[in-house]
Amino acid sequence: MTNALFLRKLLFWPQPWAAQVFMLLWVSLLILAPVGGLFATEIKSVISLHPPWTTLFKGETVTLTCKAFQINAPQKIKLYRWYLPGEIQYETTGNTYEVHESGGYKCQAQDSHSSDRVDLIFSAANLILQAPSDVFEEDSVVLRCQAKANIVLNNMTLYKNGKILKILNKTSDFHIHQASMKDNGEYYCSGVKDTHSVSSNKIQIVVQELFPSPVLRASSTQPTEGHTVTLTCESQLSLQRPEGQLQFRFVKPSTMSEWRISPEFQFSPIRKENSGSYWCEARRINSLVQKRSQKLQIHVQEIVPDIRIHSHPEFVFEGLELVLICSVSGVPRPTTVSWYKKQHRLRKDRELQTSSKTEFKVPVVQNSDAGEYYCIARNGRFSVKSNSVIISVKVPVSQPVLTPRPPGTWTLVREMSLQCEVQRGSLPIRYQFFHEDVLLKEIKSNSERKVFHRLSPTEKPFGNYYCTADNGLGPQRSAAVIPVSKPVLTFSSPGTRTFVGDKMSLQCEVQRGSLPIWFQFYREGVLLKRREAVSWITASYSFFLIAEHSGNYYCTADNGFGPQRSETMSLSVTVPVSQPVLTLSPPGTRTLVGNEVRLQCEVQRGSSPIWYQFFHEDVLLTKIEATSWRTKSYSFSVTAEHSGNYYCTADNGFGPQSSETINLSVIVPVSRPVLMLRAPRAQAVVGDVVQLHCEAQRGSPPILYQFYHEDVTLGSSSSPSGGGASFNLVLKTEHSGNYFCEANNGQGVQRSYTVSLSVKVPVSHPVLTLRTPRVQAVVGDILEIHCETQRGSPPIQYQFYRENVALGSCSSLSGGGTSFNLSLTTEHSGNYSCEADNGLGVQRSEAVSLSVKVPVSRPVLTLRTARAQVVVGDVLELRCEAQRGSPPILYWFYHNNVTLETSTSHSGQGVSLNLSLTAAHSGTYSCEADNGLGPQRSEAVTLSVMGLTGSKSSLIATSVTGGLLSMMAIAAVALLFYCWLLRKAGGKPTFDTSRNPSAPDPQESTYYNVPGWIELQPVYSNVNPNRGEVVYSEVWSVKKENKLTAASEPEPFKNTDSCVIYSQVKGASTAASKPQFLDPLTPHR
C-alpha cells in the first residue's frame, strides 16, 4: 500500500528527476512480478486507435483511447494525460483524445504507468499503406492500400520484403488470418497513375508473442529421495493482450499431466524413479497457440541410510544398567526404532521395544540378557537394519558344587573322579581341587562350567574334599564333600518280630556324607533294593512281610568314595513298647546357645532291643538301640536352630510310640549388626533425610539398637520381634563422618562396622570482587576478577561473564574462591558476574559494574586571535584540549607558569578561555589536563602583544639601536639555523617540566607548540619592539594542510616547506609606520 501511494505521487510530481525514479521503480516491479499471467499486479496504460491505422492522410482524425489494465479491481480513474513527444499535451477527464498531427503519442491513466509509444503519420502522399500499430499471434490483420481521394491508381500491387505478395484488383485490403511469426516483414504497395508508378510508405510488421516460451524451474535439480520438489512453469500473457488465462502441463517422456491453471507441480515425496528429463507446455485457453519450455534434467539422489548400534558401558556387569544406542542417519524423519534380540536358529528373533526413542535400557542386567542385539529404523517407506552388537554379561561365578563321579557305581577308587561345577559365571573359570586344605589340582576352563579331577589309586577316599571356582570377580568355595560314614540299618515298622502281612520298612542312614548317596538293602547277602538320596542322608525300603523275610539284614551307602556297609540286623518278634517319656537335663525350657543339653527317652516296658529316635520339629535327630536298658539319651551343644519342639519315639518292632512334646527355647546372643545408610540420592546433600538402618542377622528378641556418630550417641530404637531398627536424620554439614550402631538383647553388646558418610553442601550465592591496583580502573591495569562462595563442597567450578558473555572458567579443587585476570582496555567496561557449580546446582553472583578510565593524553593549547599581530585590546581565545581521556577532565590555563583559570569538561571535549589583551599578557602560555589519573601539560606557546608606536628617536639612539638589532638578528638567525638542523636531525627541544612530573604517554605523539594539524591565527614577534628606522619581524610560515590523521607525522618541523622570513620595514618617524603583516590565515609555528 505504501509503495502504491509512493508511485501515485511520483506520477504527478513535476520535478525533473521524478521520471528517473519512476522508471527505476517500474523496472523493479517488472522484475519482482510473479509469473504465470495470473499474479501480475502492475498497472500499465494501453493506448488504442480508431481507426486502427498508424498511417493516415493529412486532414484525417484519429481517436486515441487510453485504458489501464489491472488484475485487481481498479479505482475509478478521474484523470488522463496525453504526451507528445515526452511533454504533456493535454489532460482530460475522459479516456479519449482526437489527434490529427504526426508524432509519437503516449497516454497515462491516473495511478498507472504510461503506455507504449504509438507513432502516427499524417501523410500528404498519393498512396499510403495502412496497418494496425500492434500485431499479436492469432490476430486477424488487415493491410489497406489506400489512394488519396480523387486519385485513381491502376494495377495496385502489395509487396512483402520486396516481392509481390498479391495483386489487388477489386479490393484495397489484404487479410492475414491468424497472424504468426512467418508474417513478419516489410510491406508496401504500389500503383500506376497514367504511366507513372506510385509507391506507398513501407511498414514493418512484427508479430508479437501472446506470451513468451515458458521456462521450467525446479526447487532442486538434485534432490534427495524422500524430499518435496516443486516444478514451476514460468510465463505470462502480454499486458497488451491480458484477456484470457494461461494453462500449463508438465511432461516427462511417456507421461504427462493434465492441463491446469496452476503453474506448479509438486512431488511429495520425490522418489528415485522420478529422475529424468522434464519440460512444461503453456497455452492460452481457447487458443491454438501452445509453447514448450527447454528440457530440465532432474536426478534424484538415492538415500544411503547409515544405522549403527553401540552399547554403554563397554563392559557389562550383572546388576548394573545397560544402554543400547541406535544411531540413525540418512533416513528421512519421522522414524521409529525397533529393538531385537537374536534367538536360536529355529526361533524367531524377539522384539524388545518399538518407539521413536533411539535408546533401549536394561535397568538391571542379568546373565540372561547376554546375547546379540540389533535395531531396525523405519519411516513408513524405508526399513534399515543395523549391525549386530554382542553383549557379554560379566557374571561372578556361583558357589561350585563338588560331586564324585560316577556316583553310586561300585567301582574301584582308581576309576573315581571329582566333578566341580558352577551353575553360572562368565568364562574362563579357574578351578582348584582340595583335600583337607591341600591343593590337589588346578584346571582352567574356557568353554565349560564344570571340570573333573581323577583320583589317583594312592589317594585315600577319607576326609573332606572341596573345590573353588574363580573368573576374576572373586573365588567361590564349594561345600566340603565328605565320604559317607558307616550306615545304620533300622527296621521302622512293625518290628523285628512281626506277623506275616505286617508292613516292614528298612531304613538305611549315615551320620555324614556328601549327597547324592546310593543306598542298597540286602537280606542274607541278596540285594533287595537300590535307592538314591539327593536331599537326605537316609533312605528306606518297605515291603509286606512273609515267612521268608526272617533273617539277617544289612545296607550299604556310597557317594562315590566307595561303599560302606551297615551292621547286620536280625528280624524277630518283640513286645510292643509303652509310651516313652522325654526329659531334659538340666531341667528347664530355656537355655543359652553353647550349653550342653541332654534328651533322655525312657519306656516303662518293651522287649529288647528297643529303638529310640529323637525328633526336633518332626526332624529325626538320631536313632539309638537299647539292648539292655529301657532308656536312652541324646546330647548336643545348643545353637540358635535348636529352639522348638522335641519328642522321642520307642519301637521294638510292634510300632513306635511317641512321647509328649517338650518345648525348648534357646536364647541366641545378637550377631554383629550391619549398618546401612539410605539416602534419596547417590550423593548425600545438606537437607536430605538419611535413614540409618541397623540390623543383626541373628539374636533373640527383643533387641535394643543404639546409633552413633563419631562415638556420640544419636538415639536408640527397640525391635520387640526381631529384625532391624531405623533412625532418620536431616542432614547438616556437621553430619559428615563415621557412623556405627550397637545391638544388645541382654546377652552382650555387638557393634557394627563403621560406615562413612560425606555430606555435600550446594554452593551458596557467589560473591564477585573486582580488584585493581588503584581505586579507579585504568586502561592497561591488570584486573583480577575474584569469585568465591561462602559455602559449598569442593571441587567448585567457577565461570566468569562480562555482559552475559563467558570469559573463562576455573576450578577450585579444595574449596574457596578463584580468580581470573584481564589486561584492561576501554572495551572492558561493563557488568561482570560469575557462576559457581559443584554439581548440585548453579548459583550466580550479583552483577558488578566496572568503568575503565583512559588517562588524558598531552593536551594541545591553541591561541586564536582576530588578526595576525595581536595588539592591546584584542580578544585572545585560549583553547586547551586533550585528544583522549575519560571525562570529566579538569583543565588549568597558565601564563608564565601562573594559573589563570581552571575549567571542567564533563563531555571530554576541550575548554576555552578568552582574554582581553594588555601589554602584560605577553609571555608564554600553557595548559594542563587531568581526569584524576595524572596531569598532562601542553607545550608552551609564546605570545607577543604589541603596544602603540612612539615618536622618532635621535639619530644616535637609532644607530645604537640599529647596531643592537643587527647583532640580535644575527644571533637569532644562528639560533634558528641551529634549531632547524636539530629538528631536521630528529632532535626535540626541551620544555619546562615543573608542572608535569609524569612523562608523556609513550603511545601519544608529542607536538611542539601547536601541531601542524591545527590551524591557528598567526602570531608575530617583533625583533626590535622599540622605535627605530628598521624593524625586523620573525615569521614562521607553515604549509597549510587540510587534515592529518592520528597516524600522520607528529612533528610539524619535518615540513620541508617551513622557512624563516625576515621582513625589513623602513622605519618612519610618524606613528603611521607599521610592520607589514603576512596573510593572517597563514598558521604560526
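Start by selecting Cys787 and Cys834: both are buried. This is a predicted model, so every stop on the tour is a computed feature of that prediction.

**Stop 1: the disulfides**

Keep Cys787 and Cys834 on screen. They form a disulfide, with the sulfur atoms 2.0 Å apart. The link is right-handed, with 65 degrees about the S-S bond. Cys787 sits in strand 70 (residues 782-788) and Cys834 in strand 74 (residues 830-837), so the pair links distant parts of the chain, 47 residues apart.

Next, select Cys880 and Cys927. A disulfide joins them, S to S 2.0 Å. It is right-handed, at 70 degrees about the S-S bond. Cys880 belongs to strand 78 (residues 875-881) and Cys927 to strand 82 (residues 923-930), so the link ties together parts 47 residues apart in sequence. Buried or exposed, Cys880 and Cys927? Both are buried.

Now pick Cys810. This cysteine is in no disulfide. Its nearest cysteine sulfur belongs to Cys787 and is 9.9 Å away.

Move to Cys420 and Cys467. They too are joined by a disulfide, S to S 2.0 Å. The angle about the S-S bond is 75 degrees, and the link is right-handed. Cys420 lies in strand 38 (residues 417-421) and Cys467 in strand 42 (residues 465-470), so parts 47 residues apart in sequence are tied together. Cys420 and Cys467 are buried. How many disulfides does the structure hold? It holds 10.

**Stop 2**

Select residues 488-491, 503-509 and 538-544, which are strand 44, strand 45 and strand 48. The three form an open, antiparallel sheet in the order 44-45-48. Strands 44 and 48 stand at the edges with a single partner strand each, so one side of each has no neighbour in the sheet. Neighbouring strands are turned by 20 degrees against each other on average, direction ignored.

Zoom in on strands 45 and 48. Seven bridges join them. Select Gln507: its bridge partner in strand 48 is Ser540.

**Stop 3: Lys160**

Select Lys160, in strand 12 (residues 154-160). Its relative accessibility is 18%, so Lys160 counts as buried. What is Lys160 in contact with, leaving aside neighbours within four places in sequence? The contacts are Leu165, Lys182, Asp183, Asn184, Glu186 and Tyr187.

**Stop 4: salt bridges**

Side chains of opposite charge can pair when their charged atoms come close. A search of the whole structure finds 23 salt bridges.

Select Arg117 and Asp119. They form a salt bridge, with the closest N and O atoms 2.6 Å apart. Asp119 is partly exposed at 42% relative accessible area. Arg117 is exposed at 55%.

Go to Arg217 and Glu234, whose side chains meet in a salt bridge of 2.7 Å, N to O. Arg217 is in strand 19 (residues 215-218) and Glu234 in strand 20 (residues 229-234), 17 residues apart. Both count as partly exposed, Arg217 at 44% and Glu234 at 22%.

Then select Asp437 and Arg477. Their closest N and O atoms are 4.0 Å apart in a salt bridge. Asp437 lies in the loop between strand 39 (429-435) and strand 40 (438-445), and Arg477 in strand 43 (residues 476-477), so the pair ties together parts 40 residues apart in sequence. Asp437 is exposed at 54%, while Arg477 is partly exposed at 45%.

Finish with Glu137, Glu209 and Lys291, which are linked in a network of salt bridges.

Key. Residues are numbered from 1 along each chain as its sequence is written. This is a predicted model: local features need pLDDT of at least 70, side-chain atom pairs count only at pLDDT 80 or more; totals for chains, interfaces and linings use all residues. Side-chain values use heavy atoms; hydrogens and water are left out. Two strands pair if DSSP finds at least two bridges between them. Helices (H or I, at least four residues) and strands (E, at least two) are DSSP runs, numbered from the N terminus. Axes are lines fitted to C-alpha atoms, for helices over the stretch in contact, and angles run from 0 to 180 degrees between N-to-C directions. A disulfide is a pair of cysteine sulfur atoms within 2.5 Å. Buried means under 20% relative accessible area, exposed over 50%, partly exposed in between (1.4 Å probe, protein chains only). Contact means heavy atoms within 4.5 Å.
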